[in-house]
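Please keep the sequence and the structure at hand while reading.

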Amino acid sequence: MRHDDLGAGLTGTALYELVAANTRGSWAAARATVQAITTQPIAAYPDEASLYRGVPAVAYALDFAKPSAASRTLAKLNAETIAIVAARLDAAQRRMDSGRPPRIAEYDLISGLTGLGAYMLRREQETALERILHYLVRLLTEPLTVVDHQVPGWWTFDGPRGRPEAGAFATGHANFGMAHGAPGPLALLALSSRAGITVDGQDRALDAGIRFLTKWAQPFSDGTLGWPECLPLRDFVNGPVGGNEPGRPSWCYGAPGIGRALQLAALARRNAQAGQFAEHVVLGSITPPPAPLPD
């Protein structure tokens, strides 16, 4: 177990203890956990640091401490996170200018710039956040060409496991999950807009995301609506189809997470129709089907 991992390490425990301490008023367990983390080296290399790992993850957890309890450590980690963001954005811009598709970990919520942007939004670091928003606008509005087909700018050459794969995913895939796909960037753009932090093209990117997710909602075999999880190039080019088995109703890949991203974008753009559609899809995904009538 990593000490600086938010999802599977001691940093996740620290986040829990810090949030709980704000309610119960006892900080002993939180202080002990934070000390256990901060007395060890914390990953700060841009290629491995993210919202869920390393310096940004620890900084995110410490932001829930009392303002004076970890202010010096948090200030240091915050400055390091801003430097990590700058390095990762520079690499991403070079990749974009070359016309190559991204790796999933460049932009996603768990490992990429969307997650780092979520941290910057919480910390009200507007300058760093605005740089990320500019990047996400390009990601959502500038298409790429893969094997003579136009695909979204967030199309990745990775397979669903986060690395290049042979077979159906040899030319990459479109990822629809909140954790690893387009809904994460869309949600961050929407939340930033609602917080009054915007950059040129942000509304256009939100509208593009709304159109995309509305188009790709499809009827499942049980009569509900939802989205695919991952699509290889052939299926993406063929367009939406109906009749597949419904996916898991999860935050990371299912209708609850994707629909929430669509709803946030709709709220930011005051698009009542798209917002109602998102809510309808999510409600259907978590509502048990009616019992069959007796013979």
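Which helices each supply at least two residues of the lining of the largest cavity? In this predicted model, they are helix 1 (10–24), helix 2 (28–38) and helix 3 (55–62).

**Cavity**

- The structure holds one cavity of 30 Å³ or more, and the volume of the largest cavity is about 40 Å³.
- The residues that line the largest cavity are Thr11, Ala14, Val34, Ile37, Thr38, Val58, Ala61 and Leu62.
- Sorted by class, this lining consists of six nonpolar and two polar residues, with no charged residues.

**Helix 8 and helix 9**

- Helix 8 (residues 183–194) and helix 9 (residues 202–216) have axes that come within 10 Å and cross at roughly 135 degrees, which means that helix 8 is oblique to helix 9.
- The handedness of the crossing of helix 8 and helix 9 is left-handed.
- On the side of helix 8, the contact is made by Leu186, Leu189, Ala190, Ser192 and Ser193, while helix 9 contributes Gln202, Ala205, Leu206, Gly209, Ile210 and Leu213.
- The residues of the contact of helix 8 with helix 9 comprise seven nonpolar and four polar residues, and no charged ones.

Technical notes:
Residues are numbered from 1 along each chain as its sequence is written. This is a predicted model: local features need pLDDT of at least 70, side-chain atom pairs count only at pLDDT 80 or more; totals for chains, interfaces and linings use all residues. Side-chain values use heavy atoms; hydrogens and water are left out. On a 1 Å grid over the protein atoms alone, a cavity is a set of points where a 1.4 Å probe fits but cannot get out, and a pocket is an open set with protein on both sides within 12 Å along at least five of seven lines; lining residues have an atom within 4 Å of a point. Grid points are joined across faces, edges and corners, and a volume is the space filled by probe spheres set on the points. Helices (H or I, at least four residues) and strands (E, at least two) are DSSP runs, numbered from the N terminus. Ala, Val, Leu, Ile, Met, Phe, Trp, Tyr, Cys and Pro count as nonpolar, Asp, Glu, Lys and Arg as charged, and the others, Gly among them, as polar. Axes are lines fitted to C-alpha atoms, for helices over the stretch in contact, and angles run from 0 to 180 degrees between N-to-C directions. Angles under 35 degrees count as roughly parallel, over 145 as roughly antiparallel, 65 to 115 as roughly perpendicular and the rest as oblique. A crossing is left-handed if the near helix is turned anticlockwise from the far one by less than a right angle, and right-handed if clockwise. Contact means heavy atoms within 4.5 Å.
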